[in-house]
Amino acid sequence: RPGSRRASCRIGPTVCRQVSMSTENPVVKAIADALSHVNDPEIKRPITDLNMIDEITVDEQGRAFVRILLTVAGCPLKTKLREQATEAVRSVDGVTSVSVELGTMTDEQRDALKVQLRGDVPERVIPFAQPGNTTKVIAVSSGKGGVGKSSVTVNLALALAQLGREVGLLDADIYGHSVPDMLGLGDAHPTPLDDMLLPVPGLGIKSISIGMMKPNKSDVIAWRGPILDRALTQLLADVHWGDLDYLLIDLPPGTGDIAMSLGQKLPNAEVLVVTTPQQAASEVAERAGTMAGIMQQRVLGVVENMSWLEVTAPKSRETFRVELFGTGGGQKAADALSERLGTTIPLLGQIPLDVELRSGGDDGDPIVITHPDSPAAEAITELAKTIDARPRGLVGINLGVQPVSH
């Protein structure tokens, strides 16, 4: 600004133009550098890279003013962003006070951001199905309801995040969505960015569920096959997940439309089958694994939930295992799937019954966070370590190659 006593930097839709940088004010540059370490709490990228800084001004007394443009006015984490930006600017030498103002992007700026976020990938394309995508997609399935599949999925996602991985969680159980409540996000809603959605951050992971989009929690979803298919496509293609190490998908129980649709959209996904020890559940779980084989997806392994209950004798304080639901169902399902699919399907873990696992799901306090030393949490953490340590092999994956006879 010619003639102004303030040194300023204005950032337009694409790059910092440094309008008054003829003053070469080092404080303005230092503030811009400090803000480059502040990430948007939803997109998880520096706000400078996302062109969210609209103005930086510093007067002769060292009073700094920063204007940040939000994608939408109702950004749910704008307070957190303001606090982080204020702290970053306050740490700059020469700054005596900080004022951070939050504005809103114009339609043109939002369009530019969408293009930037999508990169060279066209709209309506599922990024996880594209060649070269490195995200490991794990679909968690079960043959029947009531085996604790969603509890296992939620806690496994959090355990992988605790290992330092970037994790996304998609609740694909359209009719029986329970992931938001299990994460304590029952009243949260994803942030819309025109025709894109930003997943809801919480507890160190990103999550999305159709339950987060209903006007009222009590509303019933009554969709048929074609609409279910479109909904799944939108949850995969129209949500900006960012760079993920893992995407966990909580499938509805059984072998219905969603399981088939997912197999077509994400043939590279690996399937984790959850069962319980009793024979009835084990036999039904085999069908879920067989469906994955039919859809040419790799079955990662079997997890046995509710394997036993640890009971402590009141006098001797000796600990006993009580197998309330029988024994051996998980291994039986793994052996049957190995024979049926012609490849070794391991039993990856056994998770004991734990009251805290159940109550944590009801209260939105997952057990791996609230009671990490409990037997169930330790079993889930070991499961996460086992999965994370497994290299992505080619066994059981469709390579799209057809044999040719000569």
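Is the crossing of H4 and H12 left-handed or right-handed? The close-up views below, taken from a predicted model, begin with that pair.

**View 1. Helices H4 and H12 cross each other in a right-handed way.** Two packed helices are described by the angle between their axes and the distance between the axes. Here, H4 and helix H12 (residues 375-389) pack at about 65 degrees, and their axes are 9 Å apart. On the H4 side, look for Asn155, Leu156, Ala159 and Leu160. H12 meets them with Ile380, Thr381, Leu383, Ala384, Ile387 and Asp388. Sorted by class, this contact has seven nonpolar, two polar and one charged residues.

**View 2. The second largest pocket has a volume of about 320 Å³.** Its lining is made of 21 residues, and the closest to the pocket centre are Val147, Gly148, Lys149, Ser151 and Met182. Two elements each give two or more residues to this lining: helix H4 (149-162) and helix H10 (355-363). H10 provides the largest share, four residues. The lining as a whole has seven nonpolar, eight polar and six charged residues.

**View 3. Met306 sits in the loop between strand S13 (298-305) and strand S14 (309-312).** Most residues other than glycine have a negative phi. Met306 is not a glycine, yet its phi is positive, at about 60 degrees. This residue is buried, with a relative accessible area of 19%.

**View 4. Arg317 belongs to the loop between S14 and strand S15 (319-322).** Arg317 is another residue other than glycine with a positive phi, near 60 degrees. Its relative accessibility is 57%, so Arg317 counts as exposed.

Conventions
Residues are numbered from 1 along each chain as its sequence is written. This is a predicted model: local features need pLDDT of at least 70, side-chain atom pairs count only at pLDDT 80 or more; totals for chains, interfaces and linings use all residues. Side-chain values use heavy atoms; hydrogens and water are left out. On a 1 Å grid over the protein atoms alone, a cavity is a set of points where a 1.4 Å probe fits but cannot get out, and a pocket is an open set with protein on both sides within 12 Å along at least five of seven lines; lining residues have an atom within 4 Å of a point. Grid points are joined across faces, edges and corners, and a volume is the space filled by probe spheres set on the points. Ala, Val, Leu, Ile, Met, Phe, Trp, Tyr, Cys and Pro count as nonpolar, Asp, Glu, Lys and Arg as charged, and the others, Gly among them, as polar. Axes are lines fitted to C-alpha atoms, for helices over the stretch in contact, and angles run from 0 to 180 degrees between N-to-C directions. A crossing is left-handed if the near helix is turned anticlockwise from the far one by less than a right angle, and right-handed if clockwise. Contact means heavy atoms within 4.5 Å. Buried means under 20% relative accessible area, exposed over 50%, partly exposed in between (1.4 Å probe, protein chains only).
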